[in-house]
Amino acid sequence: MKVLKGGRLIDGTGAGPVSGVAVVIRDKRIEAITTTSGAEWPDDADIIDVSGMTILPGLIDCHDHLAMHGYDLARRWGIDEPQSTRTLRTAKVLRETLAAGYTAIRDAAGLDAGFKRAIDEGLIPGPRLVVSLCIISPIGGIGDRVSPSGFSCCVPHDPLLPDGLVNSLADVRPVVRRVVRAGADVIKCATTGGASSRPEHGPRDGAFNLDEMQALMDEAHALDRRVMCHALGGRGLRIAIEAGVDSIEHGCYLDEEPELLDLMARRGIFFVPTFAVYDFHRKSALPHVRERAHHLQEHHAESLRRAFAAGVKIAAGTDAGGHGHPSNAMEIECLVKAGLRPLQALQAATGCAAECLGLEGDLGTVEKGKLADLVVVAGDPLSDVAALQNPERIALVLKGGEIAMDRLANNAMAQRQAAGVHNLSQ
Ligand SMILES: [Zn+2]
């Protein structure tokens, strides 16, 4: 048994903080949450004093690209270094992401299912993973590697990451099946261009028609997979929502079609805005990427405010990877800047994020019976959400009741060692 004692709890349900809480963990799960002072714990209980700190559910990023390490083509296609070096680079990102308090990540393409198995087997440390492997899109869409002049990408497809290119309506179902066969937990598709896509395929330019998207949805749901859809604006955004995708990724121009927000709320379609990535695109070396990222900025924040007011559930996602791997908690600060209150932004990265992944039975909130995925932060993230981005402030991370990172113990040991060295030198 472990007991986190004396902390202030933000439980991820949207409820306000509660002080002087003890979270009791038995094996993998939370057994009890109590505010009774002077409670007697069994002699063999491992009591961890977290007084003055805040206990949160393990954080969740619903849109990450853990195996991507840059936007330039050589990095994107993985031709700048041996595959093994790249794999180990990704393993480092997984380890650091968990140590930063992120205990679950939905990967939005690029990470193969082997990383999930390696983490589950304990070969490497990392968050719980929900993987999509690749982006399913039609000819000319963001997953197509043929240039406007017809030149094909020189790099063969990694068989661990199936080709998501759809050539026709008849092609939709086999592609979904191949992606699931390769181990996808969720289907990622794209119905519009984006900020960083080629100049002729922008944020409001469509990809896929309604028949194709309905076939994709039908096949994915028949295989019990949710669908996360990259869609920024225009016709492609409407088609995605009408086809009934499970989450809209980016959704920058949702403000232009308010009735779509009502439809999202009614159908329970999540909105994963990924503000963090556009901060990077606004500094892109490519003029068309910069221009798009600037143009969508105000629409994007307005889309968030209107979506929230319409009752659409918001889930946090960074779209990290192409722009490196900054702290995933950067998105929580972005959500606050765009109009959510800190408590709502934290819920977007915990309780709502778990619902978006369909894992709310086990994850996302600190409640009796849930898996003990927890993060303890020095300070109060409600008055300073940026604290979550500071590794020095992440005191303790638990995944399934096991300690994944313990800065409290590490610091104490460092102090003891320093004192020991001092004593010896006397
Ligand atoms: Zn993405």
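Which residues in α10 are buried? Welcome to this predicted model, where the list takes in Met330, Glu331, Ile332, Cys334, Leu335 and Ala338.

**Around α10**
- The buried residues of α10 have a cover that includes β6, β7 (102–107), α8 (275–281), α9 and α11 (342–348).

**The zinc site**
- Three residues coordinate the zinc ion, at 2.1 to 2.2 Å: His63 through NE2, His65 through NE2, and Asp319 through OD.
- Along the sequence, these donor residues follow the spacing H-x1-H-x253-D.
- His63 sits in strand β6 (residues 59–64), while Asp319 belongs to the loop between α9 (287–310) and α10 (330–338), so this pair ties together parts that lie 256 residues apart in sequence.
- Are His63 and Asp319 buried or exposed? Both His63 and Asp319 are buried.

**The second largest pocket**
- The second largest pocket holds about 300 Å³ of space.
- Its lining is made of 16 residues, and Ile119, Asp120, Arg128, Leu129 and Lys399 are the closest to the pocket's centre.
- Two elements, α3 (113–120) and β8 (128–131), each give two or more residues to the lining of this pocket.

Conventions. Residues are numbered from 1 along each chain as its sequence is written. This is a predicted model: local features need pLDDT of at least 70, side-chain atom pairs count only at pLDDT 80 or more; totals for chains, interfaces and linings use all residues. Side-chain values use heavy atoms; hydrogens and water are left out. Donors are N, O and S atoms within 2.8 Å of the metal (3.2 Å for Na, K and Ca); water is not among the atoms, so sites may look incomplete. Helices (H or I, at least four residues) and strands (E, at least two) are DSSP runs, numbered from the N terminus. Buried means under 20% relative accessible area, exposed over 50%, partly exposed in between (1.4 Å probe, protein chains only). Contact means heavy atoms within 4.5 Å. On a 1 Å grid over the protein atoms alone, a cavity is a set of points where a 1.4 Å probe fits but cannot get out, and a pocket is an open set with protein on both sides within 12 Å along at least five of seven lines; lining residues have an atom within 4 Å of a point. Grid points are joined across faces, edges and corners, and a volume is the space filled by probe spheres set on the points.
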